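Please look at the sequence and the structure before reading on.

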Amino acid sequence: MINMTGQHRLEEHVKKTLYENNVLQKETMNGLMQGADGGCSFEEGYIVFEFPVLQWQANRVGRMHGGAICTAFDLTIAALARFYARENFAPTISLNVNYVRPIEVGDILVVRAKAVQAGRRISQLTGEATAKSTGKIVATATSVYMNVDTTREQR
């Protein structure tokens, strides 16, 4: 067995997650969001996904719909929660989003998820979304995910 570093394991997890989302689930919301790798750090406990702001995600005034922003948070933060859960299932218990400013169609939403605490049963994570064009904060999030032992519990 190859002994991978934590950083390498996290990088491989990000690649696997984006492949699952963008290729295996291409017809679902996960795939339609078209997430891309924006970097990660095992030592600092974060991952970054980037999402193009597409026309289908626009609200009535032509900016990214709040539901699409929330979806971007959930995809990014859940990916980090699943990394800490290892082989277990990590469903969302809560995801609270605070919207700060709009982001235009054509821009890129950069979502950074960070682990505050990753425990055996519960993980608490935060998120920050910025507009790639300006670097300004678009929204912030706090979340809680449950680490479900799939060998003992049914999904």
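Q: Which residues does methionine 29 touch, not counting residues up to four places away in sequence?

A: This is a predicted model, in which local features need pLDDT of at least 70 and side-chain atom pairs count only at pLDDT 80 or more, while totals for chains, interfaces and linings use all residues. Residues are numbered from 1 along each chain as its sequence is written, and side-chain values use heavy atoms, with hydrogens and water left out. Contact means heavy atoms within 4.5 Å, and beyond the excluded sequence neighbours methionine 29 touches Trp56 and Thr71.

Q: How far apart are the C-alpha atoms of methionine 29 and threonine 71?

A: Methionine 29 lies in helix H2 (residues 29–32), where helices (H or I, at least four residues) and strands (E, at least two) are DSSP runs, numbered from the N terminus. Threonine 71 is 42 residues away from methionine 29 along the chain. The separation of their C-alpha atoms is 8.3 Å.

Q: Is methionine 29 buried, partly exposed or exposed?

A: Buried means under 20% relative accessible area, exposed over 50%, and partly exposed in between (1.4 Å probe, protein chains only). Because its relative accessibility is 40%, methionine 29 counts as partly exposed.

Q: Why does the pair of phenylalanine 42 and phenylalanine 83 count as edge-to-face?

A: Rings of Phe, Tyr and Trp (its six-membered ring) pair if their centres lie within 6.5 Å, and planes under 30 degrees apart count as stacked, over 60 as edge-to-face and the rest as tilted. The ring centres of phenylalanine 42 and phenylalanine 83 are 6.2 Å apart, and the pair is edge-to-face because the planes stand at 80 degrees.

Q: Which residues do ring pairs link into a cluster?

A: The rings of phenylalanine 83 and tyrosine 84 also form an edge-to-face pair, with centres 5.4 Å apart and planes at 75 degrees. Phenylalanine 83 is buried at 8% relative accessibility, whereas phenylalanine 42 is partly exposed at 33% and tyrosine 84 is partly exposed at 27%. The cluster linked by ring pairs consists of Phe42, Phe83 and Tyr84.

Q: Which element gives the most to the lining of the largest pocket?

A: On a 1 Å grid over the protein atoms alone, a cavity is a set of points where a 1.4 Å probe fits but cannot get out, and a pocket is an open set with protein on both sides within 12 Å along at least five of seven lines; lining residues have an atom within 4 Å of a point. Grid points are joined across faces, edges and corners, and a volume is the space filled by probe spheres set on the points; for the largest pocket this is about 700 Å³. Of its 24 lining residues, the closest to the centre are His13, Lys16, Glu20, Arg82 and Arg86. The most, 7 residues, come from H1.

Q: Which residues does histidine 13 touch, not counting residues up to four places away in sequence?

A: Histidine 13 is found in helix H1 and is buried, with a relative accessible area of 15%. With those sequence neighbours set aside, its contacts are Ala79, Arg82 and Phe83.

Q: Which residues line the largest cavity?

A: The structure holds 1 cavity of 30 Å³ or more, and the space in the largest cavity is about 30 Å³. H3 contributes the largest share of its lining, 3 residues. The lining consists of Ala81, Tyr84, Ala85, Ala90, Ser123, Tyr145, Met146 and Asn147.
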